[in-house]
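User: I've got this model open and want to talk through how it is put together. Let's take it one question at a time.

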Amino acid sequence: MGSAIIQLLVLAGIAVFLILRLRSVLGTREGFEKPPLSMPDPASRRSDSRREFEVIQGGVDSDITDHVPDGSPAAKALAAMKMAEPGFSVGEFLHGARGAYEMILMAFERGELEDVESFLAPEVLDSFAEVVRLREDQGLTVEANFVGVRELALKDATFDRDTGEAELVVKFVGELTSVVRNLSGDVVEGSPSEIKRQRDIWTFARRMGVDDPNWQLVATGE
């Protein structure tokens, strides 16, 4: 019996030694173990990406805020125009307005309004035509050359949701040479070598969401 007890004590001592040795190497674990980290579900990642993309897409529209203050009545009008006609772009409109300004201004200076009639509202066409008639009655002719647009800025925008009628007010500062001659060919105004600046505030209008994409000049001013 004595030898059996001694053997048990020896085995117990070895067991205690092994436990202490393992604890010194592996450390201790108390309470519950944290579950292993799981890899995110790919579908979840795609969903999060979509949500992030949607937030970015729903942010500030630089096509509007590059031209008018964010949150202003003009900005709200432009946003409403885009809702009525998703393909509308403020930048593209201003690019077209630049070309229309040169074309209409030169047609007026040279008295060739028939080339731009479709771009003019009846009231504007009548007022331009009256000036051209007065020049002709006085025997005056104008020789003009367009140099370029020095400044172009969108000044205001309005939109009628009921009628779909949109109006955009644009400031132009153009540069051109202009000479007015009498019946004898003498210069009575201007100089062929002097570049003058022409300042205009023009209002363009059209109905949004219709097939006709052409804007008309409906008002002029300085």
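User: Among the protein chain's contacts between residues at least 6 apart in sequence, what percentage joins residues at least 24 apart?

Analyst: Heads-up: this is a predicted model, where local features need pLDDT of at least 70 and side-chain atom pairs count only at pLDDT 80 or more, while totals for chains, interfaces and linings use all residues. Residues are numbered from 1 along each chain as its sequence is written, and side-chain values use heavy atoms, with hydrogens and water left out. Contact means heavy atoms within 4.5 Å. In the protein chain, the share of contacts at least 6 apart in sequence that join residues at least 24 apart is 60%.

User: Let's look at α5. What is the distance between its end C-alpha atoms?

Analyst: The expected span of a helix is 1.5 Å times one less than its number of residues. For the 21 residues of α5 that should give 30 Å, and the model agrees, because the end C-alpha atoms are apart by 30 Å.

User: Which residue caps the N-terminal end of α5?

Analyst: Look for a polar contact, a pair of N or O atoms within 3.5 Å; within protein, one must be able to donate a hydrogen and the other to accept it, and residues adjacent in sequence count only if both atoms are side-chain atoms. Here a side-chain oxygen lies 3.4 Å from the backbone nitrogen of Gly 91. The N-terminal cap is Ser 89.

User: Is the ring pair of Phe 108 and Phe 128 stacked, edge-to-face or tilted?

Analyst: Rings of Phe, Tyr and Trp (its six-membered ring) pair if their centres lie within 6.5 Å; planes under 30 degrees apart count as stacked, over 60 as edge-to-face and the rest as tilted. Phe 108 lies in α5 (residues 90–110) and Phe 128 in α6 (residues 122–137), so the pair ties together parts 20 residues apart in sequence. Phe 108 and Phe 128 are both buried. Their centres are 4.9 Å apart and their planes at 45 degrees, so the pair is tilted.

User: Which residue has its charged end over the ring of Phe 108?

Analyst: A charge sits over a ring if NZ of Lys or CZ of Arg is within 6 Å of the ring centre and within 35 degrees of the ring normal. Over Phe 108, at 5.2 Å from the ring centre, you find the charged end of Arg 135.

User: Over in the strands, what is the angle between the ring planes of Phe 172 and Trp 202?

Analyst: Phe 172 is in β2 (residues 165–181) and Trp 202 in β3 (residues 187–207), 30 residues apart. Both are buried, and ring pairs link them into a cluster whose members include Phe 88, Tyr 101 and Trp 215. Centre to centre the rings are 5.6 Å apart, and this edge-to-face pair has its planes at 65 degrees.

User: Is Glu 85 buried or exposed, and which backbone nitrogen does its side chain reach?

Analyst: Glu 85 sits in the loop between α4 (73–84) and α5. With a relative accessible area of 18%, it is buried. Leaving aside neighbours within four places, its contacts include Arg 206 and Met 208. At 2.7 Å, the Glu 85 side chain reaches the backbone nitrogen of Gly 209.

User: What is the relative accessibility of Met 208?

Analyst: Met 208 lies in the loop between β3 and β4 (216–221). Residues it touches, beyond those up to four places away, include Met 81, Glu 85, Phe 159 and Trp 215. Met 208 counts as buried because its relative accessibility is 6%.

Notes:
Helix = DSSP H or I, 4+ residues; strand = E, 2+ residues; numbered from the N terminus. Buried < 20%, exposed > 50% of the residue type's maximum accessible area, 1.4 Å probe, protein only.
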